[in-house]
Amino acid sequence: MRDHSTAATVIENARLIRDGAVVHGRLAIAAGRVVEPDVLPADAERLDARGALVLPGIVDVHGDAFERQIMPRKGVTVDLGIGLLDSDRQLTANGITTAFHGITVSWEPGLRGRDNAGALIRTLWHLRPRLGCDTRLHLRWETFALDAEADVARWLRLEPRPILAFNDHTTGMANRDARARGDDQKSAARAGIGIGDYRARLAAAWARRAEVPAAVARLAAAARAAGATLLGHDERSPEERAYYRGLGATAAEFPVTPETALAARAAGEHTILGAPNVLRGGSHCGAMDAAPAVQAGLCTVLATDYYYPAPLHAVFRLVRDGRCSLAEAWALVSAHPAEVVGLTDRGRLVPGQRADVVWVDDGDPALPRVLRTMVAGRSVHVGV
C-alpha cells in the first residue's frame, strides 16, 4: 500500500480556480499537503485529470442526513456503526472532505435524545480513524434540554473541538395553534413514544423555561473556555443575533429573516443557509430563499443540512442561473465554511494547505459528477 504520509503526486491536465478564474494547470501534493510543483521528485506519481475541475474539498459545517442511515424509517433503527460508515461513503462520493455531523441533544427520547447522542458520539469517535471524510461533531443543543447540560459541557472538550449551536425549537412547539398540532405526531414517532407521552414531556420542558437563559450562558462560557465554535441558530431578528453574538456566537446559522442576515454581514460575520434550499428554489420551512440571498451577499456559506449531494449541485445551479461565478460559488462550500470553524489549513488549494481535493466532471453542468475525492492527499473515493 502506498504511504501517503510521504507520497508525492502531481495532478495534471486539471482545471483549477486561480485568482477568481478557471485556468488549466497542475496541482502538486507531498506528504498530504499542496506544494509547488518544482519541489517534487522526478518519480512522483502522476494522475491525469483529463480536463476535470480540480477543486478544494467541500467543508460541511451543518448536516444531519446521517439520521436517515441510522433511522431509515420512523421507528426503525440500524446499528450506529453501520449507519455512520454508510454516511461516510455518501459524504466522500459527494466531494465532502470535512463534515460536522449535526447531532441533536434534546429533551425528547429516541433519535434526538441525550442517550442516543451519547451513543452516537462514542461510536463516531471509535470509527473516526476508519472514516474517509474528516468527520467531526456539531452539537445541536436544544436549549430546553436542561438535564443534558453537564453532558454537553463534557462533549465540548473533545478533540477535535466540536461546534455548539443553540437550538430553540421548543418555544415554537409549545405555542403551536390547533392547526399545527399534527406535527406533534411526527415528533412523537421520531421519539418512539405515544402522542400523549410526547405532549406531557413537551409541557414539562416548557414549564422550566425560566431556567433556560442561565443554562445558555453557562454552556456558552464552557464553549468559549474550550475553544469551541459557537453558532446562533434560526435567529429571527437583529436583536436575537446581537444576543448570541454577545455570548460568543461568531456566525449566524439559518437566519430566518433578511434583516437578521444583513445585521450579521454588517458585523463581518458569516451567514449559513442550506444548500437544499438552492436546489428547491426556496426554504422548505418558509425561511429565507438561499439563492437570492447568495446573490445579495446575505449568504456566505452553504451546508448540506439534510441532503449530502446538495452543496455540489447547488454550486452549479447558482452558476447556471447567473447568481455568481464558479469561484464565488465554490467558496460558499469550501473556503468560507473553513473560516467559520477556524480550520485555516483547508478550503483553498495553495501551497501549505491540506490536500483535500475533489475532481468534478462538469460536462453536464445540470448533473456534475464527482470523479475522485482526496483527503490529505489520499484518494478516499474514485467514481466510475
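**Buried helices and a parallel strand in a predicted model**

Me: What covers the buried residues of helix 2?
Reply: The elements that cover them include helix 1 (66–70), strand 7, helix 3, strand 8, strand 15 (369–375) and strand 16 (378–382). Helices (H or I, at least four residues) and strands (E, at least two) are DSSP runs, numbered from the N terminus, and buried means under 20% relative accessible area, whereas exposed means over 50% and partly exposed lies in between (1.4 Å probe, protein chains only).

Me: What should I know about the model itself?
Reply: This is a predicted model, in which local features need pLDDT of at least 70 and side-chain atom pairs count only at pLDDT 80 or more, while totals for chains, interfaces and linings use all residues. Residues are numbered from 1 along each chain as its sequence is written, and side-chain values use heavy atoms, with hydrogens and water left out. The protein chain averages a pLDDT of 93, and 96% of the residues score at least 70, where pLDDT is the predictor's confidence in each residue, from 0 to 100. Over residues 1–5, however, pLDDT stays under 50.

Me: How do you know that the span of helix 2 agrees with its number of residues?
Reply: The expected span is 1.5 Å times one less than the number of residues. For the 14 residues of helix 2 (residues 80–93) this should give 20 Å, and the end C-alpha atoms are 20 Å apart, so the two values agree. Among the buried residues of helix 2 are Leu80, Gly83, Leu84 and Leu91.

Me: Why are the buried residues of helix 7 said to line one face?
Reply: The buried residues of helix 7 are Tyr198, Leu202 and Ala205. Seen down the helix axis, they fall within an arc of 65°, and therefore they line one face of the helix; the arc is that of the directions from the helix axis to the C-beta atoms. These residues pack against helix 5 (170–174) and helix 6 (183–191).

Me: Why is Ala205 called buried?
Reply: Its relative accessible area is 7%, which is under the cut-off, so Ala205 counts as buried. Leaving aside neighbours within four places in sequence, Ala205 is in contact (heavy atoms within 4.5 Å) with Trp107, Phe144 and Thr170.

Me: Why is Ala52 called buried?
Reply: Ala52 has a relative accessible area of 5%, again under the cut-off, and so Ala52 is buried. This residue is found in the loop between strand 4 (45–48) and strand 5 (53–56). The C-alpha atoms of Ala52 and Trp359 are separated by 6.1 Å, although the two are 307 residues apart along the chain.

Me: What makes strand 8 largely enclosed?
Reply: Nine of the nine residues of strand 8 (residues 134–142) are buried, so the rest of the structure largely encloses this strand. Both faces are covered, with Arg136 and His138 among the buried residues on one side and Leu137 and Trp141 among those on the other.

Me: How do you know that strand 8 and strand 9 pair?
Reply: Two strands pair if DSSP finds at least two bridges between them. Strand 8 and strand 9 (residues 163–167) have five bridges, in the parallel sense, so they meet that condition. Arg140 stands opposite Ala165 in strand 9. The chain crosses from strand 8 through helix 4 (residues 149–155) to strand 9, and this β-α-β crossover is right-handed; that word applies if, with the strands pointing away from the viewer, the path from the first strand over the helix to the second runs clockwise.
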